[in-house]
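Me: I'd like to go through this one with you, question by question. Here it is.

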Amino acid sequence: MANRNSVEIVNNFWREVWQSKNPEAVDRLVAEEFVITTGGVEVRSRGAFKKWVAAFLASIDDFQFDVVEIFQNETGDRVVSRWIVTGRNKGFMGSPACGSPITMTGTAVMHVREDGLLQHNWVERNALEVHRSLGGVEHVA
């Protein structure tokens with residue numbers, strides 16, 4: 001795995017799924033038992049993840065996904081990416097669709113298997129700040 005370019009594997013995932021807004025690409029790029037851990041929940045299985053991606057994309061108009069930086073560990077089984085999502089609110093996080101601008105930043109740690117499929121994605125994102133900006137939560141100091 002050390003010779004594998006896992007950064008390119010993950011960049012391909014970002015391009016084909018998120019930047020192309022194509023949940024169907026998940027079938028080629030993640031393991032059947034794929035897990036994403038995000039927002040305090042785990043979405044388990046390739047099929048459940050595809051549905052999650054479709055719902056996420058449907059909640060943001062003018063969706064844009066950009067990678068800020070990306071690198072892999074020495075063995076190549078972990079890739080870390082910082083990214084930014086922008087668009088307009090179409091019901092994001094259960095909020096009323098109002099067209100307000102959305103800017104969300106995040107960090108993803110991907111487990112890349114020996115066969116090049118993605119196994120797990122641990123995501124930290126500034127969703128609370130986005131939720132607040134959409135009027136969902138009062139800011140508490």
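Me: Is L118 buried or exposed?
Reply: This is a predicted model, where local features need pLDDT of at least 70, side-chain atom pairs count only at pLDDT 80 or more, and totals for chains, interfaces and linings use all residues. Residues are numbered from 1 along each chain as its sequence is written, and side-chain values use heavy atoms, with hydrogens and water left out. Buried means under 20% relative accessible area, exposed over 50% and partly exposed in between, using a 1.4 Å probe and protein chains only. L118 has 0% relative accessibility, so the call is buried.

Me: And which strand holds L118?
Reply: Strands here are DSSP runs of E, at least two residues, and helices are runs of H or I, at least four, numbered from the N terminus. The run covering residues 118–125 includes L118, and that is strand 6.

Me: Are helix 1 and helix 3 parallel, perpendicular or oblique to each other?
Reply: Axes are lines fitted to C-alpha atoms, for helices over the stretch in contact, and angles run from 0 to 180 degrees between N-to-C directions. The two axes come within 11 Å and cross at roughly 60°. Under 35 degrees is roughly parallel, over 145 roughly antiparallel, 65 to 115 roughly perpendicular, and the rest oblique. Helix 1 and helix 3 are therefore oblique.

Me: Which residues of helix 3 meet helix 1?
Reply: Contact means heavy atoms within 4.5 Å. On the helix 1 side, the residues are F13, V17 and W18. Their partners in helix 3 are F49, W52, V53, F56 and L57.
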